[in-house]
Amino acid sequence: MTEQSIPPEAVPIRTVSEQTGVNSVTLRAWERRYGLIKPLRTEKGHRLYRPEDIERIELIQQWLARGVAVGQVKALLDDASGDPAAPEAEFGPWESHRREILQAVNALNRAQLEHKLAELTSLYPPAVLVDQCLEPLLSEYRTAQHRRPLFGAATRLAFLESSLAGFFASARYRQTVERKAPRLLLLDTGRAPDSVTPVILAYCLGVNSVRVDFFGPIPQSECVYAVEQLGSDALLLFSDGAPVADLARQQRELSHQLQLPVWLAGRQVALSDPALEPHCVGQTHGEILMELAKRLGRETGSPELTESGVTP
């Protein structure tokens, strides 16, 4: 395609990744392996995406979030009646993915597990992968350990948690996010019962073009120091185990001390006092990313974002 025939609104793959939260590796896989998108190419072979390509990427994400296998999406997109909001037959690719992960975990085979994780992160947006596959697996292992603690269960759970934390910490280290992007300080308020989910959340936020500084528990008295040193735009407290009363007190006191948004996320927020509801951004990764995209756009003065991260 000649440069003259490329529409001026077409954007490169990096911009699409920042807008949609789908990394460039996944976008290329959707194109090459599944024919889901067909970007334009410059004379030098660089991909350029038109507004209609980005709309199609949004539809792909909607289908995947509903549990549709990536290999089934093209037929649904090509079907004129393929509306993600319409009811359809149940799709279940995630059971197969979870079973393969379980096999690797039961064998304590880190190479096999990391190979599967690499495959899944190349095909699915991170929030979809977490909510549809990884969170249910972690919950299943934890529930089994408490209800019927079989020999080796604690080892398998520890192996899964440490492997996930290591994989996504490494992936996050390789991320590049523009310096002008909103900067968020993400604090894990407690290591029990879950220290893995906030690590993965930090990675997901990076994919969605948020600069994240991730710390484990630090004294509340030092939060002001951390925010000032980092130049954070907002503070996110992630909790899956802290008492509701402690969350309410922390949010109230830190908001007063910092004079910037202090938000709550994680499973525990569902139990929060109704007065805290305006400060809660969600429980699942999908909910959290969607709400933070809106709030960071509004609070930092940058363009407000939609559910998928696309500037309207």
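This is a predicted model: local features need pLDDT of at least 70, side-chain atom pairs count only at pLDDT 80 or more; totals for chains, interfaces and linings use all residues.
Reader: What makes Glu253 and Arg249 a salt bridge?

Author: Their closest N and O atoms are 3.4 Å apart. A salt bridge needs a side-chain nitrogen of Lys or Arg within 4 Å of a carboxyl oxygen of Asp or Glu, so this pair qualifies. Residues are numbered from 1 along each chain as its sequence is written, and side-chain values use heavy atoms, with hydrogens and water left out.

Reader: Where do Glu253 and Arg249 lie, and how many residues apart?

Author: Both sit in helix H11 (residues 244–258), four residues apart, which is about one turn of the helix. Helices (H or I, at least four residues) and strands (E, at least two) are DSSP runs numbered from the N terminus. An α-helix has 3.6 residues a turn, so residues three or four places apart point the same way.

Reader: Why is Glu253 called partly exposed?

Author: Its relative accessible area is 32%. Buried means under 20%, exposed over 50%, and partly exposed in between (1.4 Å probe, protein chains only), so Glu253 lands in the middle class. Arg249 is partly exposed too, at 32%. Elsewhere, salt bridges that share partners link Glu31, Arg41 and Arg47 into one network.

Reader: Which partner of Lys116 makes a salt bridge with it?

Author: That's Glu119, with N and O 3.4 Å apart. Lys116 is buried, at 5% relative accessible area, whereas Glu119 is partly exposed, at 26%. Another pair is Arg50 with Glu52, at 3.8 Å from N to O; Arg50 is partly exposed at 22% and Glu52 at 42%. A search of the whole structure turns up 14 salt bridges.

Reader: How do you know that H3 reaches close to the span expected?

Author: Helix H3 (residues 51–65) has 15 residues. The expected span is 1.5 Å times one less than the number of residues. For H3 that comes to 21 Å, and the helix reaches 21 Å from its first C-alpha to its last. Buried residues of H3 include Ile54, Ile57, Trp63 and Leu64. Just after H3, Gly67 takes a positive phi of about 95°.

Reader: What makes E4 largely enclosed by the rest of the structure?

Author: Six of the six residues of strand E4 (residues 183–188) are buried, so the strand is largely enclosed. Arg183, Leu185 and Leu187 point one way, Leu184, Leu186 and Asp188 the other.

Reader: Why are E1 and E2 said to stand at the edges?

Author: Three strands form an open sheet in the order E1-E3-E2, with antiparallel pairing. Strand E1 (11–12) and strand E2 (40–41) each have a single partner strand, so one side of each is left without a neighbour in the sheet. Two bridges join E1 to strand E3 (residues 47–49), and Pro12 stands opposite Leu48 in E3.

Reader: How many residues line the largest pocket, and which lie nearest its centre?

Author: There are 21 lining residues, with Asn23, Ser24, Gln175, Tyr203 and Val207 nearest the centre. On a 1 Å grid over the protein atoms alone, a pocket is an open set of points where a 1.4 Å probe fits, with protein on both sides within 12 Å along at least five of seven lines; lining residues have an atom within 4 Å of a point. Helices H1, H2, H6, H8 and H9 each supply at least two of the lining residues.

Definitions and conventions. Two strands pair if DSSP finds at least two bridges between them.
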